[in-house]
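Okay, thanks for having me, everyone. Let's take a few minutes to look at the aromatic rings in this one.

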Amino acid sequence: MMRRRSLVDQRIENRMREPFRISGYLFESMPSVQVAIEDGDSRGRGEAAGAYYLKDDVPNMQAGIERARDAIEQGADRTALQQLLPAGGARNAIDCALWELESNASGTAVWQLAGAPGTDALTTTFTLSADSPERILASLSKFPSPRALKMKLDGDLDSDIARVRAVRGARPDMWIGVDANQGYDGRTIEKLIAALVDAKVSLLEQPNRRGEEAMLDGLDCPIPIAADESILDGNELEQHYQRFDVINIKLDKCGGLTEALRMKDMVRKMGKTLMVGNMAGGSLATAPAFVLGQFCDIVDLDGPWYLTDDPVADRLYDDGQIAMPRDFWGAG
């Protein structure tokens, strides 16, 4: 009989150090799914947290994994996986497990298989919750010597401006970006932009609601605008890239490292700035994103730092940078 692979999955709670607020949501944990695929003596793992705003939660991800289980256990590869499942967390977890499986079976590091230039430590943003200015300033001292900050906004114009001014006053020379998480519309965005310019903010991420990208047409914004929720995968990249300066690629959105690398090539050909982010998943979710980060101009991979039960997170961050241990994911 032909030997079959085995696939197992489990839920990981990913409890956060403290509640984390963004526009429209308050998170106390970011549950994820971990997948392990075994084939003979080789094993591959992947983790996905899904996209909360698409209701891509653990039950939905596990249902997707079950739909693909038989094909994967019979030997389907990463190319076949792209047709088995749509973009999202389930495909991401399986895709990344297949990358590590190939790496371990071949003895070749994932970054080499992916054509990355190396495994250098990367300067990452550290993200501030959309909290009161007092709490935000208190949280600054907890980060491991940050070199770049990203502030979450909540869509309340006056509160957001107060937050930005407070952080700029505390860190006058630091790179600061803001993430509106779809919190603004055409009535308030110009006032926000004026305040961001005054505070020397370097990036405005996802000001518009998903599906309302036309709000950006003709908008006078001297600050680069990044797409997050507006662009999930390569198909949506082709539809909306003209409206954005920066493309934030997340494996949970696009469905894995395979699609992320395809998008990376597309973004470069379009002349846009590359950014990598994650959905606050653990270290296993961050490892493949770190490979993608080797190609990127802006890196936002602070997710594991916020978790209380990630056994590897404390080893990842130092002096405002993230570095993945070479033996953590794939062949060392």
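Let's start with Tyr25: at 36% relative accessibility, this residue counts as partly exposed, where buried means under 20% relative accessible area, exposed over 50%, and partly exposed in between, using a 1.4 Å probe and protein chains only. Quick housekeeping: this is a predicted model, where local features need pLDDT of at least 70, side-chain atom pairs count only at pLDDT 80 or more, and totals for chains, interfaces and linings use all residues. Residues are numbered from 1 along each chain as its sequence is written, and side-chain values use heavy atoms, with hydrogens and water left out.

So, how many aromatic pairs does a search of the whole structure find? The search gives 11. Rings of Phe, Tyr and Trp (its six-membered ring) pair if their centres lie within 6.5 Å; planes under 30 degrees apart are stacked, over 60 edge-to-face, and the rest tilted. Tyr25 and Tyr52 have ring centres 4.6 Å apart and planes at 70 degrees, so they're edge-to-face.

Now over to Phe143 and Trp305: with centres 5.1 Å apart and planes at 55 degrees, this pair is tilted. Phe143 and Trp305 are 162 residues apart, so to speak distant parts of the chain being linked. Phe143 is buried at 8% relative accessibility, and Trp305 is buried too, at 10%.

Both belong to one aromatic cluster, along with Phe20, Phe126, Tyr306 and Tyr317.

Last bit, charges over rings: that's NZ of Lys or CZ of Arg within 6 Å of the ring centre and within 35 degrees of the ring normal. Arg17 lies over the face of Trp305, 4.0 Å from the ring centre. Arg78 has its charged end over the ring of Trp99, 3.7 Å from the centre.

Definitions and conventions
Helices (H or I, at least four residues) and strands (E, at least two) are DSSP runs, numbered from the N terminus.
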